[in-house]
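Please keep the sequence and the model in view while reading.

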Amino acid sequence: MKIRNRFTLISSFTFSIVFVIASVITYFSFYSYSEKIIYNELQKTCLLTGIFYLEKDELPENQHLIIGQQFRENSLEIITRVYNAKNQIVYGDKTADENINREKLDYIRKNRKLNFKSNHHFYFGSFYHDNQGDFVVFVKKNDQEFKTITNRLLIIMILVLISGLIIIYIVSRLLSNLAYSPIKNIINQVNEIEASSLDRHITSPNTKDDIQELIETYNNLFKRLSDTFIIQKNFINYVSHEFKTPLTAISGNLEVFAQKDRSSAEYKEMSEKVLENVYQIEDTMNTLMMLSGLRDNTELNEIFRVDELVWDINDQLPNVHQLKDAQIQIALEIVNDKLLSIKGNSNEIKIALYNIIENAVKYSNGNPIKISLLQQDNQLKIVIEDHGTGISEEDLKFIKQTFYRGKNVNDIKGSGVGLSLANIIFKQNNIDFNITSKKGEGTTVTLLFPPL
């Protein structure tokens, strides 16, 4: 059953239950109160009956006339009877009533009054003492008017219940459609999303309710799925791109080498070339595994000092042939040295920092590189500056994309993976990574580390 149908049925059922309970309470309250009013009127009429019939010899004539007028007004639809001590009707309607018997008369003499209801009449009897003796006065009234009123009330309640159910069903249907429309909108948008468009966000008015929270959850889920698909797709592209050159070199060298017999020196030389290409493939595989996010990233709670990573990189660079002439200036301008300790994966962050510094050296045109460790708003900030080739404004938009290389790299070797890898590592470790550059003037990389 759909949610909106369930909502409509539940609201209608709830209304009917509440209304029925309220109607039952109202009906029986009205019924009981109406009976009480009728018995009070009969009690007054009963008293007037006794006075009219039994006090005639004691009251002045004018007062008796007034009592008589009141008695006639109150007893228009009421039958009155006055019983003596022998249970004989001495005044009023002389016809015997099967509902008035010896037991009821004796009960009234003992308890002073009695009221009850038969199938069609209300009865009220009271004890009356007079100078002529002890009497029992009984009055009865037809319940037709009472039944008409109560039945009319019952019919009105049934009609209100039916009309109320119809109205509540229509209103609930409208409200459920209104409440369900954002969900229906989400369903339609989700049905339109395919594997190639997982990065498409579900849009909805910012209602700041559970629906909005559901939409944000869906968007986060689709983003993670999109990232996973991109990772898988990129990994295939990475492998095909990076492995093509070393594999071609290996196969070409082996084909040439197999054309004739070779000396031991040539075998050794060929083995070294093949191994060099194999090692290149292995290094590329490790890099691509990390770049694609396929390697487990579970060591994010390690605490280490960033300045030590920077000094280690500074010591490693001269060992690389093309970077042996690097001129690096390291400025440590931290007042609170506790900011140098951060939490994350030290190996990954070292790789990312190495790639950033290596790029700075490669494109510095032989100019000095400055690495500044600063303090900003109780956070560690690292600024890496070079005054070399720089990056054009057009290239700067795409520089973090995998395999992208600027148009002014000339003959400088590279695969276009370094910045992309660094970007992923910094993002995984919650490090803010920003690049500013101007062609021909140099590049500045700014890293802002989260507090420990």
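Val82 has Tyr91 as its bridge partner in strand S2. The model is a predicted one, in which local features need pLDDT of at least 70 and side-chain atom pairs count only at pLDDT 80 or more, while totals for chains, interfaces and linings use all residues. Residues are numbered from 1 along each chain as its sequence is written, and side-chain values use heavy atoms, with hydrogens and water left out.

Strand S2 (residues 89–92) runs antiparallel to S1, to which three bridges join it; two strands count as paired if DSSP finds at least two bridges between them. Strands (E, at least two residues) and helices (H or I, at least four) are DSSP runs numbered from the N terminus. Five residues lie between the two strands of this hairpin, and Asn87 takes a positive phi near 65 degrees.

Arg81 belongs to strand S1 (residues 78–83). Its relative accessible area is 4%, so Arg81 is buried (under 20%, with exposed meaning over 50% and partly exposed in between; 1.4 Å probe, protein chains only). The side chain of Arg81 reaches the backbone oxygen of Asp93 at 3.3 Å. Beyond neighbours within four places in sequence, Arg81 is in contact (heavy atoms within 4.5 Å) with several residues, including Ile89, Tyr91, Asp93, Val136 and Phe138.

Elsewhere, five strands form an open sheet of mixed pairing, in the order S7-S9-S10-S12-S11. Strand S7 (328–332) and strand S11 (432–438) each have a single partner strand and stand at the edges, so one side of each is left without a neighbour in the sheet. Neighbouring strands of this sheet are turned by 15 degrees against each other on average, direction ignored. Six bridges pair strand S10 (residues 379–386) with strand S12 (residues 442–448) in the antiparallel sense, and Glu385 has Thr444 of S12 as its bridge partner.

Two helices lie across strands of this sheet. Helix H7 (residues 306–316) lies across S7, strand S9 (369–376) and S10, at about 165 degrees to S7; axes are lines fitted to C-alpha atoms, for helices over the stretch in contact, and angles run from 0 to 180 degrees between N-to-C directions. Helix H8 (residues 346–362) lies across S7, S9, S10, S11 and S12, at about 25 degrees to S10.

The protein chain as a whole holds 10 helices and 12 strands. Of its 452 residues, 37% are buried.

Technical notes: A polar contact is a pair of N or O atoms within 3.5 Å; within protein, one must be able to donate a hydrogen and the other to accept it, and residues adjacent in sequence count only if both atoms are side-chain atoms.
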